[in-house]
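Notebook open, structure loaded. I'm jotting things down in the order I looked them up.

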Amino acid sequence: MSLLTRRRLLRRAALSATAAGAARAGLTGAAAAGIAATAATAGCDDTPETGTDSADAGRGAVRFPTGFGWGAATSAYQIEGAAKEDGRGESVWDTFSHTPGRTRNGDTGDVAADHYHRYAADLDLMRDLGLRSYRFSISWPRIQADGTGKPNQRGLDFYRRLVDGLHERGIAPMATLFHWDLPQALQDDGGWENRDTADRFGDYAEAVFHALGDRVPVWLTINEPKTVVQNGYIWGHHAPGRQDPDAAYLVAHHLQLAHGLAVQALRAGGTKVRIGPALNLHPCYPADDTAEAAAATRLHDGYENRLYLDSILKGAYPQDVLADLGADSRMAKGIRDGDLKIISSPVDLLAVQYYTPLYVTAQRDTVSKWPTSEAEWQQIYPDGMYDILTRVTRDYGRIPITITENGLPCPDTLAADGTVNDQGRIDFLRDHFAAAHRAIRDGVPLESYHVWSLLDNFEWAEGYEQRWGLVYVDYPSQRRVLKRSAHWYRDVIRKNGL
C-alpha cells in the first residue's frame, strides 16, 4: 500500500471520527462537515423532506410483481440477547461493547430485544404484519463457542425452532451465516487477518447447512464485508476497533474467501437451496463536474463496490484498486493461486443493502448533497436505490436480486395513547419502494424487499440511541408496539404495492 493511500484512508477515518463527535455534541453530519443549511438533518415528524421527486409513489399507482417477497430484517447480536446462555461463546462484539468508550452510553447486546426468549411472540408479530420473508442471522459463537469443533446442539435447536416457527406462519426464512459477531477466540488468533479464519468459517457453514438444510430456502454468506473492513479496520468504530488500512484489505480478501468457501460447502451438501452474498452498495457520484472528481469517483467506486462485486461475479479484483493499494500491500501478497476461483463460485442471487449515496471530490474526500438522517452518514436519496439496482443489472447481468436492508432511524417516542407516530419513516419507505418499482419496470430482476429493521435493536456503536424498527421496543419492559409505519407496511403488503 502506498504511503499516499494510507494517509488518505486514515484521513477519512479522522474525518469520520470528527463527524461522530459532532453528532454526539448534537450537530448533524451535514453541519459537522460545514455543508449548507439546506442539507439539514431530515426529521421523522409528520412532514419530512426526502429530497426526491417520487411521482411513482402515488397511492394506488404502483403494484409489484405477483409473489413479491415483502419482508423485514434483523441480526443476531442486535436482537437476541441471552449472551451467556445455552453454550453461547463470546464474540468480538461482546468484547467491543464491554470496552469503556466504545459504544454510546456503554450499551451492550447482552439483553438487546431479548428475542432469544421472546422469538415466538416476535414470530406472531411477523405473521400479523403479513410478512412473506424474514431475513435473520445465525450467531456463530452460539453454534461454536470458540469458532471451531463440534457444533453446540442447544444453539442449533434455537434456530431450528425459529425456522420451524416461520414455516408454521407461512413466512419464508432467509438466513445470514455471518453478521459481524466473530467468535472472540478466533479474533485472539488473528481474526480475519488470519487466513485460517476463512477455513473455519467454511467448517461452520457446513455444520449449519447440515443442521438446517433445505428448511431455509435462501442462505446469505457474509453480511456487508465492506463494513467490517472500513468500520472495523480503518475507522475503528466497530469491532475489533482497529485503525490499520493495510490489515483492512487483507481482511477484505479473507472475508471474500470465506464467502466462497461457504458457497462450496453448501454445494457439496447437495441441497437445492439458493445462496449468495449480502453487500451494502453505495452509488458513487462526482461532487462536481471536473475530470479530477470523475477520476476520484471511479476509484472510490472501486473500493466501495467493485472490490466485492467484481471478485464474486467476475472472478477478478478491480485492477485500479489493486494498483492503488500497491504490489507490497498485505492484500496483494495474501492472494493465492485459486483464491479468485473459490471467491467466484457461482451464486444464485445477490443481496443488496442500500442506505446512502456517496459524492466524491477531486481530493478523494466525500461530501453531503442531500438531507441526512439521525445516522449522520446517511443521506436520504431514493433515486440512489434505482441507480445502484440498475447499475448491477447493467454491469453484471440479470442475477436475481433481493434487497435485504433499507430503512431509516427516527426519534421515535411512545405517546400517551400508546402509539408511535413515525410518518417520516413511512415517507422514506414509500419513496424507496417507488424507486425499487421503477427499477423492476426497467428490467431489474428484483424478487424481494426487507425493511431494516423489524425491531428496534442494539445499533452497534450507537447502542440503543437510534431506533430503526417497524416495531417499537420498550427496553425496560421488552414490550413491543407496532409503529405507524408497521400498520402502513402491513397495508402495502396486503395490496402488494403503494
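Predicted model: local features only at pLDDT ≥ 70, side-chain atom pairs only at ≥ 80, totals over all residues.

Below are my entries, starting with the barrel and ending with a hairpin.

I traced the strands and found a closed barrel of 8, in the order β1-β2-β3-β4-β5-β7-β10-β11, with parallel pairing. From one strand to the next the twist averages 25 degrees. I zoomed in on β3 (residues 172-178) and β4 (residues 218-223), which pair in the parallel sense over 4 bridges.

I then went over to helix α17 (residues 423-441), which lies across β1 (69-73), β10 (401-405) and β11 (446-452). Helix α17 runs at about 165 degrees to β11.

**Entry: α7**
How far does α7 reach from its first C-alpha to its last? With 16 residues (153-168), helix α7 reaches 22 Å, close to the 22 Å expected at 1.5 Å a residue. I listed its buried residues as G155, L156, F158, Y159, L162, V163, G165 and L166. Among the elements covering them are α3 (76-79), α5 (115-129), β2, α6, β3 and α9. Just after α7, I flagged G170 for a positive phi of about 75 degrees.

**Entry: S139**
Next I looked up S139, in the loop between β2 (133-137) and α6 (140-143). Buried or exposed? S139 has a relative accessible area of 2%, so I wrote it down as buried, the cut-off being under 20%. Its side chain makes a polar contact of 3.4 Å with the side chain of D181. Leaving aside neighbours within four places in sequence, S139 is in contact with A76, E80, R88, Y159, D181 and Y204. Y159 had already turned up among the buried residues of α7.

**Entry: K226**
I also wanted a look at a lysine, K226, which lies in helix α10 (residues 225-233). K226 comes out at a relative accessible area of 1%, which means it counts as buried. Which residues is K226 in contact with, leaving aside neighbours within four places in sequence? I found N280, L281, H282, Y303, E304, N305 and Y308.

**Entry: nonpolar cores**
The largest nonpolar core has 135 residues, and W219 and F433 touch the most other members. Helix α11 (residues 245-268) gives the most to this core, with 13 residues.

**Entry: the hairpin**
Last stop was β12 (residues 471-474) and β13 (residues 479-482), which run antiparallel and are joined by 4 bridges. V471 has L482 as its bridge partner in β13. The two strands form a hairpin with 4 residues between them. In the turn, Q478 has a positive phi of about 65 degrees. I closed the notebook there.

Notes: Residues numbered from 1 in each chain as written. Heavy atoms only, no water. Buried < 20%, exposed > 50% of the residue type's maximum accessible area, 1.4 Å probe, protein only. Polar contact = N/O pair within 3.5 Å; in protein donor to acceptor, adjacent residues only side chain to side chain. Contact = heavy atoms within 4.5 Å. Pairing = 2+ DSSP bridges. Axes fitted to C-alpha atoms, helices over the stretch in contact; angles between N-to-C directions. Expected span 1.5 Å × (residues − 1). Core = buried A, V, L, I, M, F, W, Y, C linked by side-chain atoms within 4.5 Å.
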